[in-house]
Amino acid sequence: MTKDMKDIVALCKRRGFIFQASEIYGGINGFWDYGPLGTELKNNLRDAWWRDMVITPPIGPDGTPLEIVGLDSAIIQNPNVWVSSGHVGGFTDPMVDCQETKKRYREDHLHVIKASDDEWVAVHEEAEDSEIEKRFKKLNIKHAEDLERTPLTDIALSDYSKIYAPDAKEKGTLLEPKAFNLMFETYIGATQSDDNKAYLRGETAQGIFINYKNVLDSTRVRVPFGIAQIGKAFRNEVNPRNFIFRSREFEQMEMEWFCDPEDAPQWFEFWKEERQRWWKSVGLKDKDMIFREHGQDELVFYSQGTFDIEYQFPFTAPGYGELEGVAYRTNYDLTQHQEGSKTKMEYIDPMDPKNRYIPHVIEPAAGLTRGVLALLCDAYTVDENRPSGVFLDFTPAMAPKKAAILPLTAKGEHPEIATKLYLELRKHYAIDLDIKQNIGKRYARQDEIGTPYCFTIDDDTVANGTVTVRERNTMAQERIHIDKVLDYLREKIDG
Ligand code: ATP
């Protein structure tokens, strides 16, 4: 059964996962608010990453636990940070404008289908064949059956006159690609002049590089070690789209692994494996992910390797969209900051002071909010055999609520017993106590928010102390003693 993005977005709004930002004012393109359940889900993914990176980092290839420490750097830094990192000069995506519709597209997001020698039609890369056929019909152009696509990046400028831009009525309205800087600008202090200009960070990574020395000097870590950070990043994306996949404000989870240049290739292999394993551990299915090494022609000049972890989102299918990039960044960033700040970034081996070098860096850079979208898409399961017609199949660890307590009736002993159980369980897990409405509607709601277990309190509970447990995926029910509920959850959730 294919999953429809429209249904996923609607469920997210209906049940309080994700809302359009500033909705009551008509919204604001590229920004999203996380509702009560979306916040819980995002926190669960964030906490799992932090735990697996900083609290209990993986065991290294030689059997010793890795050393990774945390950081929370400012969103606004000295603007020279972004000059040295290359973001001010080069953090650009080539864009093409359409003269007719005034729309702007990322050059690498458009594909061209050649109907004849001089009638070519540009489409969004994720456009489905059915949409494209409609577009051809509207333009009254016949097309070859295979709808073969050529990336716009492979089309010569001299051929632009043959292209119908998406939504344009006339041919040849696309303009030459131009660079577009993605950094959000702001001003510090009372005057708004170029001298006071600053930037909202475009990635969390640079905050780590500029604190590498501070961390070395203030803690006991020694190379190899990592610094991890989770936080907001801002990019003035030209075409924010696909729900929270590409937004202008989003969250990243990045770790910079500082190592001896000689060992860097082995660490690159290590982190590639480790990060694939991690995404599976939070519930993404192997069959929906691919792991793609960039070809030489795709690499930025300072990188000696990049490996993308990609997920098959409903809007990219049958293709994939990036979730995380694992990059071997050499000593590029530290060297840039050494030059820009005149601060030495050299590492001196404590065992052998003659051994000095600027560490090389392996960077696993993941999107937290994009990860939330992957979890939601993955969990969304259509099931016509239940009243809600759908349930969210989260792993218990990711589920916003681990269990719901449902008294069969809203008056008398049922809610009393339910409240007592709720007060006990909530010391250990995120629990929902839901008293009103008929039981079918309450099960439906719990299915839609992905609660793995429901405990129902009824007359038998009053008579013999047993409750009904309902398991989300199978809808199977069994009775267990109320004193055993916590143990039951512990076993199911913590294994
Ligand atoms: P893209 O090619 O999709 O623009 P990128 O390669 O520039 O992404 P990185 O700079 O490597 O992305 O950022 C690391 C991660 O941050 C990405 O893998 C993605 O999960 C997340 N990310 C980047 N841009 C956005 C965005 N606009 N909205 C949401 N998440 C994003």
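Reader: What joins the side chains of Asp97 and Arg104, and at what distance?
Author: This is a predicted model, so every value here is computed from it. In it, the side chains of Asp97 and Arg104 are joined by a polar contact. The distance is 2.7 Å.

Reader: Is Asp97 buried or exposed?
Author: Asp97 sits in strand 4, which runs over residues 92-97. Beyond its neighbours within four places in sequence, Asp97 is in contact with residues including Lys103, Thr173 and Lys178. Its relative accessible area is 19%, and buried means under 20%. That makes Asp97 buried.

Reader: Where do the buried residues of helix 1 lie around the axis?
Author: Helix 1 covers residues 5-14, and its buried residues are Met5, Ile8, Leu11 and Cys12. They cover an arc of only 125 degrees around the axis, so they lie on the same side of helix 1.

Reader: Which elements do the buried residues of helix 1 pack against?
Author: The list has both helices and strands in it. The strands are strand 1 (18-20), strand 21 (380-382) and strand 22 (390-392). The helices are helix 10 (368-379) and helix 12 (439-449).

Reader: Which side-chain oxygen reaches the backbone nitrogen of Lys6?
Author: Look at the start of helix 1. There, a side-chain oxygen comes to within 2.9 Å of that nitrogen of Lys6. The oxygen belongs to Asp4.

Reader: How much space lies in the largest cavity?
Author: The count comes to three cavities of 30 Å³ or more. Among the residues lining the largest cavity are Val282, Leu375 and Phe394, and its lining divides into six nonpolar, two polar and two charged residues. The space in the largest cavity is about 50 Å³.

Notes: Residues numbered from 1 in each chain as written. Predicted model: local features only at pLDDT ≥ 70, side-chain atom pairs only at ≥ 80, totals over all residues. Heavy atoms only, no water. Buried < 20%, exposed > 50% of the residue type's maximum accessible area, 1.4 Å probe, protein only. Helix = DSSP H or I, 4+ residues; strand = E, 2+ residues; numbered from the N terminus. Arc of directions from axis to C-beta. Contact = heavy atoms within 4.5 Å. Polar contact = N/O pair within 3.5 Å; in protein donor to acceptor, adjacent residues only side chain to side chain. 1 Å grid on protein atoms, 1.4 Å probe; cavity = no way out; pocket = protein on both sides within 12 Å on 5 of 7 lines; lining within 4 Å. Points joined across faces, edges and corners; volume = space filled by probe spheres on them. Nonpolar A, V, L, I, M, F, W, Y, C, P; charged D, E, K, R; others polar.
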